[in-house]
Protein chains: 2
Amino acid sequence: MPKDQTGLRSWLAAANEEGCDFPIQNLPYGVFSVGDAAPTCGVAIGDRIVDLAACEARGLLEADGTFSAPQLNDFIALGRPRWEAVRARLTALLAEDGDRDLPTVAMSAARLHLPIRVSEFTDFYASRNHAFNVGVLFRGPENALPPQWTHMPIGYNGRASSVVVSGTPIRRPMGQVRGEAGPEWTACRRLDLELELGAIVGADSVMGQRIGVDEAEGMIFGYVLLNDWSARDIQAWEYQPLGPFQSKALGTTIGPWIVTQAALEPFRCAGAPRDNEILPYLREERPGFYDLTIGWTMNGQQMCRTNYNVMYWSSAQQIAHHGVSGCPMRVGDLLGSGTISGPAPDQTGALLEMTEGGKRPVMVHGEPRSFIEDGDEIGLYAHAQGQGYRIGFGPCTGRILPATDDRPA
Amino acid sequence: MPKDQTGLRSWLAAANEEGCDFPIQNLPYGVFSVGDAAPTCGVAIGDRIVDLAACEARGLLEADGTFSAPQLNDFIALGRPRWEAVRARLTALLAEDGDRDLPTVAMSAARLHLPIRVSEFTDFYASRNHAFNVGVLFRGPENALPPQWTHMPIGYNGRASSVVVSGTPIRRPMGQVRGEAGPEWTACRRLDLELELGAIVGADSVMGQRIGVDEAEGMIFGYVLLNDWSARDIQAWEYQPLGPFQSKALGTTIGPWIVTQAALEPFRCAGAPRDNEILPYLREERPGFYDLTIGWTMNGQQMCRTNYNVMYWSSAQQIAHHGVSGCPMRVGDLLGSGTISGPAPDQTGALLEMTEGGKRPVMVHGEPRSFIEDGDEIGLYAHAQGQGYRIGFGPCTGRILPATDDRPA
């Protein structure tokens, strides 16, 4: 367990301000560039970014060159002892009696990039409220919750190539939907978001060998905000029997900052109560959830506020299940938690649920919304509230561009 | 269209022998090593491998260094003009009036490696016979063929980290299956193969832009044999509603040799007749199938012989559909055709179909088999028969190791 960091303050005043996402207790990792310089690795503090490659160059951090890369995979692959050493060193450098000459850049002057090269992307389905609500809409109340749902963290492999960083515009997709007489070719009419937390795998596993839940917990480097954009009309037509495919491939937006497991440790808590016993390979020694406020906005208006602790399956359980067949995990694998939804409509992580499949539009700045319109911007946020500080994730936004169809159809 | 290569012969006698998979008309790419040397790229000819890195070093091929890599991705990324130039040059060097001092190694002395670093793996479901047969077993005859099946090439994202090269042993997986009262923890009891052809994507596409079918055809570098090992009992319990997951993640075996699109060009033909009109984005200018005999063996016994021309959706159509939402494709993406099954039992690409879900065991060397037993070896083969030569894929084998469960369950 980490030592208690309550009361710790930085020489950087902005880091100590109330409501700041990036106090000295956080130190999330990202990749940034300034001007035409190549992207390199950094850590957010207050309103600035610690330039980790420059720290290496000046001998402030042990130099292994991994921070000069345009993604964090090489650093993450060094493993937990190195993660802990760098965190301890940065904490010392940023503390009130630290090094005020530390190389930093203003966050406002930096461009943020995808923090990792995503090895593979898997999306789970671990909120009971979400699974039930969506199940009712797709299959009716009798078949809403699949029979295996309380026995295993079900998920599907998503597409890594369409994972983009916060701020990247997302194009409304074209596709097939169910029409009166066969399929219809159309721009998506039921475009949705999914509010999720993404876990980043920080260690490889061996093919043919399962992963224990506790071992899985130790393989997690950190978490990002994740919006799994979803084309609900395309999904309804395509998804049986092989699962969602193009309805989920238009783009997945992740936040630029990886909040480490170490920073979230003080907020560890239990998740949703279990309906039934689970098989031993999924049983956790200690709870794998966090008391983390999470929500989303549309065009700046608050739409949903819920908590990650409503989830039924933790990231460690998801990793243990992902490897149960002997499937190897890799550094840089990204695992979406599944949409995070509480029980009330203003706690739902997708418009599909919030509007009951579009039947009950919600008002956004005085305009009705059943699904996302062109030009709408969705923002995700999350933070864990400590005593006198909060661990935040920074913004995770994406704006929808109109569909284009420059090919004959 | 390539010039007619019928009648072309090599100075390497073994390449001209009847039934040889690797005549001068083929020239498939792979990655090999000898002794403790690092893996590099090669081309199969007769019973030998052309050492492409050595050819570069000797000035026999234009040197760009890509053939010294331990995978073909860098070469493939150079694009079609380079593919064509190297093929033309190798054809000249290997022809009867070619260069008899070409650096080659005996195939028997070489170890073959995964030919590409798999970017992402997608598995389709494009044989009508297979989709119907499996649909009957999983969902009954009324719901056998999903309603969208004749309108789009349905597929799911698989796991790239568990793709291995021919010869790699495959561990029987542990997992959850449906039991009398809830889930049961067990070693897989219904382990199966899937006979497929894998297309290798040779060009990136741009996120947010669709890919035309003809453009998609031009993005294909070549094909490998592909066995998508499947745990049917795990699949039946897990696969609704998000599709197959751990049942398909125990391993996917691919052949060591990538047979190029150029080598298969003379065998291009139509696929299965269509039930209905398809949307324009999936319509092909010219047929995207090949007259390619393909089959599998168990412990050396011939079990199935069918043809790739039974398929309903081509790789080009699958790529066009894969990108319809704007999802970008990447060099090194591997697309499984889906199980290739003809109409008769001895033309089926999976035991699930051949034995009607295990109800009608088949005899293998006098022993009954419903599914794959520990120690069984599955081999895939494929070849296109030309006049006086054949384009073969070489072996694609995998043997099943017993399940281990070294953790308490």
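Buried means under 20% relative accessible area. Keep that in mind for this predicted model.

Q: Why does A:Tyr223 count as buried?
A: Its relative accessibility is 1%, and the cut-off for buried is under 20%. So A:Tyr223 counts as buried.

Q: What makes A:Tyr290 buried?
A: The relative accessible area of A:Tyr290 is 0%. Buried asks for under 20%, so A:Tyr290 is buried.

Q: Why is the pair of B:Tyr223 and B:Tyr290 called edge-to-face?
A: Ring centres have to lie within 6.5 Å to pair, and planes over 60 degrees apart count as edge-to-face. Here the centres are 5.7 Å apart and the planes are at 75 degrees, so the pair is edge-to-face. In chain B, this pair links strand β14 (residues 220-228) with strand β19 (residues 289-290).

Q: How do you know whether B:Tyr223 is buried or exposed?
A: Its relative accessibility comes to 1%. With buried set at under 20%, B:Tyr223 counts as buried. B:Tyr290, at 0%, counts as buried too.

Q: What lies over the face of B:Tyr312?
A: That's B:Arg274, at 4.8 Å from the ring centre, where the distance limit is within 6 Å. B:Arg274 also lies over the face of B:Trp313, at 4.8 Å from that ring centre.

Key:
Residues numbered from 1 in each chain as written. Chains lettered and ligands numbered in written order. Predicted model: local features only at pLDDT ≥ 70, side-chain atom pairs only at ≥ 80, totals over all residues. Heavy atoms only, no water. Buried < 20%, exposed > 50% of the residue type's maximum accessible area, 1.4 Å probe, protein only. Phe/Tyr/Trp six-rings, centres within 6.5 Å; stacked < 30°, edge-to-face > 60°. Helix = DSSP H or I, 4+ residues; strand = E, 2+ residues; numbered from the N terminus. Lys NZ or Arg CZ within 6 Å of the ring centre and 35° of its normal.
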